[in-house]
Amino acid sequence: MSESVAELTSGTGAALPLGAYSRPKGGGGWRDWVTTVDHKKIGILYGATALFFFGIGGLEALLIRLQLATPNGTVVGADLYNQIYTMHGVTMVFLVIMPMAAAFANYLLPLQIGARDVAFPRLNALSFWIFLAGGLFLNCAWLVGDAPDGGWFAYAPNTGVTFSPGHGMDFYAIGLQIAGIASLISAMNLIVTVLNMRAPGMTLFKMPVFTWMILVVQFLLLFAVPVITVALFLLMFDRNFGANFFNPEMGADPLLWQHLFWIFGHPEVYILVLPSFGIVSEVIPTFSRKPIFGYEFMVFSGIAIGFLGWGVWAHHMFVSGIGPISVGAFTLSTMFIAVPTGVKILNWMATMWGGKIRLNSAMLFATGVVSMFTIGGLSGVTHSLSPSDTQQTDTYYIVAHFHYVIFGGALLGFFAGFYFWWPKVFGHKLGETLGKWNFWLMIVGFNMTFGPMHILGLNGMSRRIDTYSPGFGFEFWNLFATLGVFVIAFGVMCFVANVILSARRARGLPPEPPDPWDARSPEWFSPNPTPVHNFDEVLEVSSLDEFWHRKWTTDEDGKVVRRATAAEVCHTGDAVGVHLPSPSYWPVVLAAGLPLIGFGLLYNLWICVPGTLMVLGSIYAWVFEPPDDPDGPFGEGHGHGEDPAEEPPGEREVASVE
Amino acid sequence: MNTDTADATHIKHEHPSDAKYVQIALLLAAITAAEVATYFVDVGPILIPALMVMMVVKFFYVAAWFMHLKFDSVVFTRFFVTGLILATAVYCIALTVFEFWSKG
Amino acid sequence: MARIRPRNPLARERWLPLSSEAHAAHDTTTGISNNKLLMWVFLGSECLLFGGLISAYLVNRSRFHTGPAPGDIFDIPFTSVSSFVLLMSSLTMVLALSALQRGDIRNNRIWLLTTALLGSLFIGGQVYEFTSFLREGLGYTTSPFSSAFFTLTGFHGIHVSVGIVMLMSLAISSYRGTLTQKNAETVEIVGLYWHFVDVVWIFIFTVIYLVPSPTS
């Protein structure tokens, strides 16, 4: 490892402007993780980082609930409260749910389409490091004591310099722009991967539902992230360069911010929940021993949600004065979008109906998603009607709604995914007893906290307030809700304990045999944990649920009969000489330059200079760095599982090996 | 890796000749001249429709010929057109909510 | 353990940018190249970016309570000339690609440099336009109209400048002998970006300049 670093600085070609430097060698240790371009490691990095930010966001939630447990609370002052609830929202949305989805997508998508990696492995690494840079930059605001305080939605002109004079909203604008770059790059990468790197025979309509949902999410990201980028640029220019986009004193209309934010913001909520819908669509069929009911409907409803989600954004603005015609139009469009989501709920239930249900932890969480999201969806339908929304908006009823869909929908789905795919990623299962404690504590605590908020909201408790006066009837349910948070916290601690204890129990034992769940989709072809080269041989796909159909078939009477055991069908994982994309230093270096530019914009423009140099230099180094070493442990990447033995020697034209 | 043989999945690449490209460029120049002429000559109420039509025609020729969409896989066209239509629809709706068409 | 060392430290054919060693088109499921698809996917998202900036301008174009109005300050003849220059740069770009596809390295280089030159002329025109607006009292912070105008055209100008940097990088590769016929796809991809930036200007020129603007 150190020899590669030495080569970088004093290699044979150091005198040449474009240098003769080598790619890092990989092989374990922290340097391996920092330079990795392996989609599986990147997935794990995303997951671990998202869990870390989940802890931070959870602490922020705890502080919110402690402050609101009693009327006239004194736990935090109003100013700090604004920062806490803003950062809670920003952290949970951008630094937990989105990257957690990216974790699952990165790890599983190439495996589910039978590929060796994504289309652009270095860009993939770059996405992670830029996300981390953005998340750390945002949270630096806490260190300087000036966190964003305008809500996660950052309405102008409140977030302009007049009403938010500190640096808080600058951290918001710049931090989210950095994180947005990560999402955009990742979206482009995964779209090309799904289109171009599927195994032979895998048509789009033979892909697993999870892959489809991720694909729809990438399209949503591709088109939505530029919109919030525009909004954040305009906010940044208003705050730092005196522009007048949102300044009513100069005649501007601050509503421009709301439109731009919510044109992004509404597709964003589907970005948040569709990955979990995909996870649930894998878990439920597996533990019902039935194929997903209505595969085409599941795919088309996902596409429909992605498509319709663009036409509903102003339902977040029903009371902002856009006028009755606009309000009516968006009421109609919002009512329509409940339909494809309802299709999914019904299809999941139909999948379970008549199936042989195994109610393990993964399945419990998946059914939790179906039930909790239904509740959140129903409250959502009540919001779609603008007359009722006019009463509900800006109350705790809305807070209840979005926590039911995001926590109950997206987050519980991720936990289902943890329990389901943990053996695939780490080679051992998570414990079932602790898993059930994890589930029940979380779901009970979650309903304790957010269920009463429906009542509080309809009784008139306003949202985004740091405290409330006694005598309005809010006391009981607020205290109850705060107790619920502790129950959730215990549930999360069960998960953490489960992770640690399961790892400890598995130490020294052989890894989990392949296909621990008798599953259906292609990622289970490989042994556990997934070997670095994914599959031993090219997957030839002839149907949906290809893995299942290799093991099971139906006889003349229509009965399902065993055709082969998992051991016979699965790969052994001991293929050698497989060429993989080489690691690279440049993603992490490039990503590190971005927060420097951010700090420069905040404090001193000179700091932008090293940041810009790091970014530009990395781009050039990246473009001109040598392609994969064909003779090293990592070679020329052939992302879709070509037989490496067939590669003609003439391909290795670039460098010879001494 | 057969870098030389074109197999069945390979898209047949026609390339317009340089002369053709110059022709397209002259067409674009002529349309631009017509557009600029509207600044000097009063054409009445057809001004904005005419400008829109000329803009779309120029857009089409650059995209179809210079960006090679006419000869390439339809997948590229789909991506680009999806982005275009989505942007146009979403932002036109936003402008409508701002009453842009009536109040400018 | 095997290590990469170049055959000859002075050899020029070592580093092949982007496309030649990347997945060739017929390796992929759809038959189209990964790199080219990536650029088109990116251009799809750029439509939303520029659409947002253009909408932010349109919403603000009549908000000029301080400072000049667009109808008073735009110099259509001048902008027409710079628009024409950018339009012709698309022609030279496609001629550069066509030359390289034929293996004509020298003409490829000439047309690449010409495209960069025309792009620089366009930027020069923008700089002149901005400074003359400044002299006439339209600064960045003057009014919502001014902020929106300079932001939109500024973003476009940055995109053009990035394109010029890419073109110059290609030209330098060409001088070093590393930009050959088999790298034509790289030039094609840079060309796609360049044409897109031109196409955005076609839109901006019509909608912002030619469509009559409010006057004071």
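What is the helix content over residues 79–101 of chain B, and how far apart are the end C-alpha atoms? In this predicted model, that stretch is 91% helix and 0% strand, with the end C-alpha atoms 29 Å apart. Helices are DSSP runs of H or I of at least four residues, strands are runs of E of at least two, and both are numbered from the N terminus. Over residues 21–40 of chain B, the chain is 100% helix and 0% strand, and the end C-alpha atoms lie 29 Å apart. An unreviewed UniProt entry places the feature "transmembrane region" at residues 21–40, 46–67 and 79–101 of chain B. UniProt positions follow the numbering used here, feature names are shortened, and annotations may be inferred rather than shown by experiment.

Residues are numbered from 1 along each chain as its sequence is written, and chains are lettered from A and ligands numbered from 1 in the order in which they are written. Local features need pLDDT of at least 70, side-chain atom pairs count only at pLDDT 80 or more, and totals for chains, interfaces and linings use all residues.

Chain B is assigned domain 1 (15–71) and domain 2 (73–104). The bounds come from an automatic or database domain assignment. The two domain centres, taken over C-alpha atoms, are separated by 20 Å.

Six residues of chain B contact nine residues of chain A. Contact requires C-beta atoms, placed from the backbone, within 7 Å. The chain B side has five nonpolar, one polar and no charged residues. Nonpolar covers Ala, Val, Leu, Ile, Met, Phe, Trp, Tyr, Cys and Pro; charged covers Asp, Glu, Lys and Arg; the others, Gly among them, count as polar.

Terms used
Two residues are in contact if their C-beta atoms, placed from the backbone, lie within 7 Å.
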